[in-house]
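Hi,

Here is the structure I said I would pass on. Have a look at it below, and then read on for what turned up.

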Amino acid sequence: MPQPRSAAEIGALYQEMILDHYRRPRNKGTLEKADASVEMKNPLCGDEIGLQVAFDGDCVCDLRFSGRGCSISQASASMMTQLVKGKTTEEIDAIRKQFRELMLGNASAADDPQLGQLRALSGVSRFPARVKCALLAWNALESALGERS
Amino acid sequence: MKLRRNSEFPADSKVRRDSEFAADLKVRPDFPLLANNPGLHYLDSAATSQKPRVVLDALRDFYETANANPHRGAYSLSVRATECYHQSRIRIAQFLGVADSDCLIFTRGTTEGLNLVAGSWGMANVSSGDEIVVTAMDHHANFVPWQVLAMRRGAKFRVCELTPDGKIDLEFLSGLLNKRTKIVAFSHVSNALGTINPIAEIARLVREKTDAILVCDGAQSAPHFPVSFDSLGVDFYAFSGHKMLGPMGIGGLIGKREMLEEMPPYQTGGDMIEFVHDDRTTWNVLPHKFEAGTPNAANAVGLAAAVEYLDGIGMDRVRAHERALMSEAQQRLAAIEGLHIYGPPASERSGVLSFTLGDVHPHDLATILDGEGVCIRAGHHCAQPLMRRLDVPATARASFYVYNDESDIEALVAGILKAREIFGYAPV
């Protein structure tokens with residue numbers, strides 16, 4: 001029988017930074033001109049995300065997300081858009097893979113400075129049912145980058 | 001129609017009457033999973049119920065003393081397996097008020113029962129231009145099979161809207177009914193809102209205006225109050241064993257004999273045949289015609305033990321217990337600032353309470369409650385058409401059963417307050 005979550009685990013999950021991004025999402029909205037647009041749903045919980053990306057050469061020069069979801073999915077999307085803006089698709093790919101490691105509970109990923117604020121989501125790995133929430137925006141980004149290549 | 005958020009419940013006479021009901025069942029020790037986990041507050045019985053020891057013992061006993069393939073062997077062990085399976089059907093039919101137990105077809109659960117009616121009766125009787133009616137509160141299992149049937153047969157698929165407090169809008173329903181209506185499918189009790197639907201009134205309306213068959217999704221009624229199929233006034237009633245203390249993977253479809261006899265088989269194979277020739281096959285009698293392959297005899301025995309246990313408590317007491325808990329829970333939750341309850345007042349609902357808390361997403365709420373040992377459901381409850389009408393992507397849902405008591409409500413309230421503490425209060 002799995003034990004209920006401890007208060008410490010819950011605290012680690014809902015850090016101030018996550019609630020801040022949930023309540024004041026960055027880069028939320030739509031782009032006037034996007035090179036790639038993706039919509040994704042998590043049919044399990046009904047959460048949905050729309051992601052629009054504009055490229056400048058090999059760089060993601062701007063992006064916006066829309067939709068609704070839980071604090072984890074919204075904070076993950078908000079932080080992701082901040083972090084990847086201005087980065088090349090290759091750099092983004094490396095971050096995306098590292099973020100997935102973070103979600104799998106890989107301790108070295110939690111110390112990786114290239115993940116920036118996203119490290120605040122490290123507590124999610126202790127909640128397997130919530131990992132999909134954190135990955136929703138990243139799956140949308142992967143699809144948007146793929147749409148372009 | 002947009003549904004109203006309903007967080008205020010006037011202390012009218014109906015609500016006051018709930019004080020006559022007492023949450024006085026003390027059966028938690030009968031449930032090993034709960035007995036072994038004193039800190040666990042299981043409030044997700046609308047999804048699946050916990051199992052009493054007598055059910056687990058019955059399963060073990062079948063496999064240890066009677067296991068063989070029913071209806072197959074000439075040897076006495078197979079005869080015993082057949083007899084166990086047969087007696088289970090009779091016992092469950094008796095529990096659900098079915099005098100003719102051959103009209104109870106064992107299925108995997110409600111979903112399969114509804115698909116059986118859609119696939120068999122529906123494909124044989126619905127044609128282009130006919131109409132099928134469901135309601136906006138139906139579970140996907142009582143929505144999608146009819147939608148697919150309508151598409152296959154070129155029939156019109158019509159959805160009955162709800163009143164602002166989450167009941168079937170009978171006037172709207174009346175407007176949908178006509179001589180082309182072939183099937184009216186509805187839930188006895190809504191799994192997402194807990195609304196208990198007025199089955200007699202619905203039946204009267206449908207009989208008055210149509211020649212349609214009435215199909216009732218009983219997944220949320222059979223476990224929670226007395227149900228007597230023979231006096232329900234519907235043609236088909238489907239239920240799930242695992243929601244009524246029985247094992248997973250067993251349930252049933254009850255139908256009227258004359259309809260079941262005319263219907264073509266749903267699945268074909270062993271046991272459901274009479275004679276198989278190279279060029280044709282004839283069908284076995286009821287209920288076997290609809291039970292192809294080796295039946296889930298052990299789980300039928302387990303479900304029979306579950307209904308025996310429920311009868312031991314008495315279904316009226318089960319209902320009284322849940323009603324008292326619901327009344328208490330509704331009052332306690334309605335008092336929390338920013339908490340919105342969906343659906344009708346406690347007196348008109350079964351033990352299901354759907355709610356949201358300010359801008360806290362139900363998934364976050366469920367995770368925080370999990371931290372307090374409280375299991376609730378968060379999501380769309382397999383009722384996306386309803387969620388769209390509520391204009392929310394998801395709700396949190398607490399549901400009660402015989403083993404719950406006031407300590408579970410205490411833990412639920414404490415957990416919700418904890419979520420308020422973590423998230424702060426941001427009204428929406």
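Predicted model: local features only at pLDDT ≥ 70, side-chain atom pairs only at ≥ 80, totals over all residues.

In chain B, helix α3(B) crosses α10(B) in the right-handed sense. On the α3(B) side the contact is made by V54(B), V55(B), A58(B), L59(B), F62(B) and Y63(B). Facing them from α10(B) are A298(B), V301(B), G302(B), A305(B), A306(B) and Y309(B). What sort of residues make up this contact of α3(B) with α10(B)? They divide into 11 nonpolar and one polar, with no charged ones.

Over in chain A, there is an open sheet of three strands, in the order β1-β2-β3, with antiparallel pairing. The edges are β1 (36-42) and β3 (59-68) of chain A, each pairing on one side only. On average, neighbouring strands of this sheet are turned by 20° against each other, ignoring direction. Helix α6 of chain A (residues 128-148) packs on the sheet and touches β1, β2 and β3 of chain A. The direction of α6 makes about 150° with that of β1(A). If you want to check the pairing yourself, β1(A) and β2 of chain A (residues 47-56) are joined in the antiparallel sense over seven bridges. For K41(A), the bridge partner in β2(A) is E48(A).

Then there is helix α3 of chain A, residues 71-84. Is α3(A) mostly covered or mostly open? Mostly covered: 12 of its 14 residues are buried, among them I72(A), M79(A), M80(A) and V84(A). The buried residues pack against α2 (16-23), β2, β3, α4 (89-103) and α6 of chain A, and also against α12 (362-371) of chain B. Just after α3(A) comes G86(A), with a positive phi of about 90°.

That leaves the contact between the chains, which takes 21 residues from chain B and 20 residues from chain A. On the chain B side, α12, α13 (384-390) and α14 (406-423) each supply at least two residues. Of everything on that side, α12(B) gives the most, with six residues. The chain B residues that touch chain A divide into seven nonpolar, 11 polar and three charged.

Cheers

Key
Residues numbered from 1 in each chain as written. Chains lettered and ligands numbered in written order. Pairing = 2+ DSSP bridges. Helix = DSSP H or I, 4+ residues; strand = E, 2+ residues; numbered from the N terminus. Axes fitted to C-alpha atoms, helices over the stretch in contact; angles between N-to-C directions. Contact = placed C-beta atoms within 7 Å. Buried ≥ 20, exposed ≤ 12 C-beta atoms within 10 Å, placed from the backbone. Left-handed = near helix turned anticlockwise from the far one by under 90°. Nonpolar A, V, L, I, M, F, W, Y, C, P; charged D, E, K, R; others polar.
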